[in-house]
Amino acid sequence: MAVVLTRIYIPPKGLPPTEIAEKIKGRFPEEVVEVIEFRDQVSVIVKRGRVLEICRYLHDDPDLSFDHLQDLCGADYHGKKEPRFEVVYNLYSIKYRHKIRIRTQVPESDPSIQSVTSIWTGANWHERECYDMFGIVFKGHPDLRRILLPEDWEGHPLRKDYPLKGPELDKDWKGFVEVVNRSKELKEFEWKG
Amino acid sequence: MELVEKIFETRELNVNMGPQHPATHGVLRLVLDIDGETIVKVTPYVGYLHRGIEKLGESMSYFQALPLTDRMDYVSAMANNIGYCIAVERLFGIEVPERAKFIRTIVGEMARIANHLLWLATHALDIGAMTVFLYCFREREWILELFEMICGARLTVTYPRIGGVKNDVPAEFLDSLWKFTEEFPTRIPEYETLIDQNRIWLKRTKGIGVISAEEAVNWGLTGPTLRGSGVPYDIRKHMPYDAYDKVDFEVPIGTEGDTYDRYRCRMMEMRQSNNIIRQCIEKLPPGPIMAETPNFTLQPKDKMMPITHPTKEHAFYIIEKACKGCGMCLRACPAKAIFGEKKQPHKIKQDLCLGCATCYVTCKFKALTIVPGGKGFPEEKLAELAVPPDKVPEDIKKAQEYLVKHFEFIKRGPKVPQGDIYIATEVPKGELGFYFISDGSGKPYRMRVRAPSFVHAGVLPRLCVGHLVADVIANIGTIDIVLGECDR
């Protein structure tokens with residue numbers, strides 16, 4: 001039988017997150033803006049310039065080995081913070097059982113950041129979703145298209161200045177208008193039995 | 001020969017599959033580029049079921065957003081609820097009572113069994129084994145009936161709550177669940193005899209959709225889809241939540257990383273889940289089921305019983321002289337039990353009244369009053385008994401105040417400390433993560449859902465290219481996706 005049922009080896013808990021944050025700070029002192037601790041989880045806020053290098057370091061360093069990208073998402077601090085956007089990387093090491101969160105600042109004037117698909121292939125769809133929802137452009141992404149919304153959608157819904165019920169509440173959706181017009185055109189061919 | 005080649009020239013064909021296709025498990029659309037029978041390129045299109053749950057979650061308080069999570073992975077809604085509740089509890093910083101933890105573990109594992117049964121049923125049906133489908137649905141029905149027993153719902157349960165669970169489990173439930181756990185291990189071999197040694201099944205699953213351990217981790221796969229490749233990553237072991245650190249269970253992992261290994265992993269997992277449920281029932285401690293933190297969790301409903309509970313049988317009555325006919329109560333009534341013209345005194349139709357007290361809260365002219373114990377009395381007797389609202393007994397009024405507070409609490413939410421938190425739980429499909437950014441109000445500033453199905457759907461092109469068209473079906477089945485969760 002192919003599958004072996006085992007008492008799998010669970011490694012002891014790895015480095016505490018504050019120590020990892022110190023390591024990043026030691027390696028990239030210019031890049032780290034702030035380190036925040038909340039409920040035993042540590043976020044390292046970094047500038048966007050060398051985020052690819054930081055991620056490469058976290059992934060490749062034998063002591064850190066962050067092999068699992070748990071999540072990648074955007075956040076919008078419209079009118080609350082400058083710079084406006086953030087791209088959040090939740091990283092976990094299956095090998096060593098430690099985790100860290102990297103939050104990268106992205107300004108509104110030029111919402112773009114380097115893509116990490118070359119490190120974690122699974123980031124592909126997360127980055128497409130982030131582009132779809134926040135309009136953040138990922139440089140070096142192999143296939144940056146909208147993913148959850150139709151290709152001709154206007155606006156980026158998870159931005160805070162996008163209204164909850166959609167921007168054109170008084171108008172019918174254009175796809176629906178199209179169908180109605182078409183049905184009017186084709187009315188003469190209706191089967192009258 | 002040249003002539004033959006000219007006539008029978010081969011071209012790559014572009015085939016559209018879905019979004020309405022029975023084998024795509026929902027509304028997944030794939031565009032396949034095929035060369036003969038071989039897949040050259042696969043482009044998945046998702047988003048047909050996008051409802052903007054993340055955006056909706058930002059507009060609601062933490063309590064109100066809970067039912068939305070049912071609608072993501074509707075096959076194992078219970079596990080999604082638990083994931084959401086745990087994330088919010090960690091954000092609030094509250095501790096759940098021991099009994100609630102065990103109950104959650106029980107229902108979470110029941111959801112895992114139900115999910116794997118549905119997965120096996122549809123996966124086998126896609127590959128061509130019809131009988132398994134019928135067998136699996138027989139047991140799944142049993143679990144859904146058990147869910148019905150504890151919360152009244154079968155699919156969209158919303159049974160776990162922030163701070164615990166909604167109500168305690170009845171003794172009959174534990175009895176029938178125990179019976180189920182005794183019976184279920186004998187049912188698994190029934191499915192296995194149907195397909196385990198079946199030559200068609202083996203041919204269609206062995207060596208199909210192979211992904212190595214390193215690559216699987218790099219793609220972000222989780223759950224049984226990852227463990228089939230031999231990576232021992234299970235959040236229940238790595239970051240134990242609920243009662244998983246108090247029960248003894250094993251995690252099956254595969255070796256080859258193909259469809260067959262992932263199938264074996266899930267079959268083993270069902271046995272383990274069964275074990276966990278049995279242990280939890282044995283160890284189930286007595287005690288409260290809801291955290292007693294009035295600032296963060298909903299209080300028990302007994303406190304507002306005097307008004308809301310139907311057995312207490314209060315009646316609501318409009319005093320004709322005081323009623324100005326403003327229509328506020330008429331609009332607010334959820335049962336549409338109030339009738340009347342504008343600027344004329346309104347009337348409550350007693351047989352339609354639910355006794356929810358919404359009208360009593362909204363009335364500004366002190367026209368609406370409570371007649372204690374007046375349910376079922378004729379209209380004339382109520383008129384006789386009715387007193388102005390300020391002469392209603394004190395305990396009933398207190399319960400009334402409590403009810404109003406309760407409404408406001410749900411609508412505004414608690415005061416949450418500022419910060420951000422990411423909490424992952426092991427749902428049947430993989431790692432379900434919730435990432436909250438709190439700005440100090442009762443609503444999440446940002447609510448992000450890391451859906452396992454979304455990540456798994458992204459790996460389809462990697463699994464399919466180079467295989468045959470028929471293997472696409474097997475690959476969609478093996479990664480176990482639900483499009484409601486993928487599109488959110």
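A polar contact is a pair of N or O atoms within 3.5 Å, where, within protein, one atom must be able to donate a hydrogen and the other to accept it, and where residues adjacent in sequence count only if both atoms are side-chain atoms. The views below come from a predicted model, in which local features need pLDDT of at least 70 and side-chain atom pairs count only at pLDDT 80 or more, while totals for chains, interfaces and linings use all residues. Residues are numbered from 1 along each chain as its sequence is written, chains are lettered from A in the order in which they are written, and side-chain values use heavy atoms, with hydrogens and water left out.

**View 1. Arg146(A) and its partners.** Arg146(A) lies in the loop between β8 (137-139) and α4 (174-185) of chain A, where helices (H or I, at least four residues) and strands (E, at least two) are DSSP runs numbered from the N terminus. Its side chain and that of Asp132(A) are joined by a polar contact of 2.6 Å, and the side chain of Arg146(A) also reaches the backbone oxygen of Trp153(A) at 3.2 Å. Because its relative accessibility is 12%, Arg146(A) counts as buried, a word that means under 20% relative accessible area, with exposed over 50% and partly exposed in between (1.4 Å probe, protein chains only).

**View 2. Helix α3 of chain A.** The twelve residues of helix α3 (residues 123-134) of chain A should span 16 Å at 1.5 Å a residue, and the end C-alpha atoms are 16 Å apart, which agrees; the expected span is 1.5 Å times one less than the number of residues. Eleven of the twelve residues of α3(A) are buried, so this helix is largely enclosed by the rest of the structure. Among the buried residues are Trp125(A), Arg128(A) and Asp132(A). Just after α3(A), Gly135(A) takes a positive phi of about 75 degrees.

**View 3. Where chain B meets chain A.** The contact (heavy atoms within 4.5 Å) takes 63 residues from chain B and 56 residues from chain A. Together the two chains bury about 5200 Å², 57% of it on carbon and sulfur atoms, buried area being the accessible area (1.4 Å probe) that two parts lose on being put together, summed over both. Lys55(B), His238(B) and Tyr445(B) supply 14% of the area that chain B buries against chain A, more than any other three residues.

View 4. Asp71(A) forms a salt bridge with Arg448(B), their closest N and O atoms being 2.8 Å apart.  A salt bridge is a side-chain nitrogen of Lys or Arg within 4 Å of a carboxyl oxygen of Asp or Glu.
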